[in-house]
Amino acid sequence: MTDSAQVRVLEDHDFEGWRSMWQGYQQFYEVSFDDAAVATTWSRLRHRDEPMHGAVASMQGRVVGLVHYLFHRSTWTSGDYCYLQDLYVAPAARQLGCARQLIGHVYEEARKKGASRVYWLTHESNTTAMRLYDQMAERPGFIQYRHVLPRTTG
């Protein structure tokens, strides 16, 4: 693949390509989501009133990457923050600028919406991606803590 990627907002016809990238993302992070979570995520990404958004990178008519991002309020600024939640590029399309383009897409969408910050997390072992991230953003030094809540029935 040598053509540059085209990055655009998800469209209904992207489901199969998106799902393939979403499965690749899950394999990379050694997680899996059940069919209900996948369907809910797709629905949220496609619903106009949701704060969650998605875009894909395509090359030669094939989806080769995805990005998911969402907007939320902050107590630190009057503008919303934009959280870049998921970013994935297929192995065959890596090192071709797709991830940079996908992040750039999020930056532009956040700017249009008046967000004051775009931020994201990555695993400390993801050193290849971190080389790009270090070029595109600052690393503020915060450490994430997490507590998973038990599911309630209801």
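**Reading a predicted fold and its aromatic rings**

Guide: Among contacts in the protein between residues at least 6 apart in sequence, 61% join residues at least 24 apart. Contact means heavy atoms within 4.5 Å.

Visitor: What kind of model is this?

Guide: This is a predicted model, where local features need pLDDT of at least 70, side-chain atom pairs count only at pLDDT 80 or more, and totals for chains, interfaces and linings use all residues. Residues are numbered from 1 along each chain as its sequence is written, and side-chain values use heavy atoms, with hydrogens and water left out.

Visitor: How many helices and strands does the protein have?

Guide: Helices (H or I, at least four residues) and strands (E, at least two) are DSSP runs, numbered from the N terminus. Here there are 4 helices and 5 strands. From the N terminus, the order is β-α-α-β-β-β-α-β-α.

Visitor: How is a pair of aromatic rings described?

Guide: By the distance of the centres and the angle of the planes. Rings of Phe, Tyr and Trp (its six-membered ring) pair if their centres lie within 6.5 Å; planes under 30 degrees apart count as stacked, over 60 as edge-to-face and the rest as tilted. This structure holds 13 aromatic pairs. In one of them, Phe28 and Tyr29 sit edge-to-face, 4.9 Å centre to centre, with 85° between the planes.

Visitor: Why does Phe28 count as partly exposed?

Guide: Buried means under 20% relative accessible area, exposed over 50%, partly exposed in between (1.4 Å probe, protein chains only). Phe28 has 40% relative accessibility, so Phe28 counts as partly exposed. Tyr29, at 27%, also counts as partly exposed.
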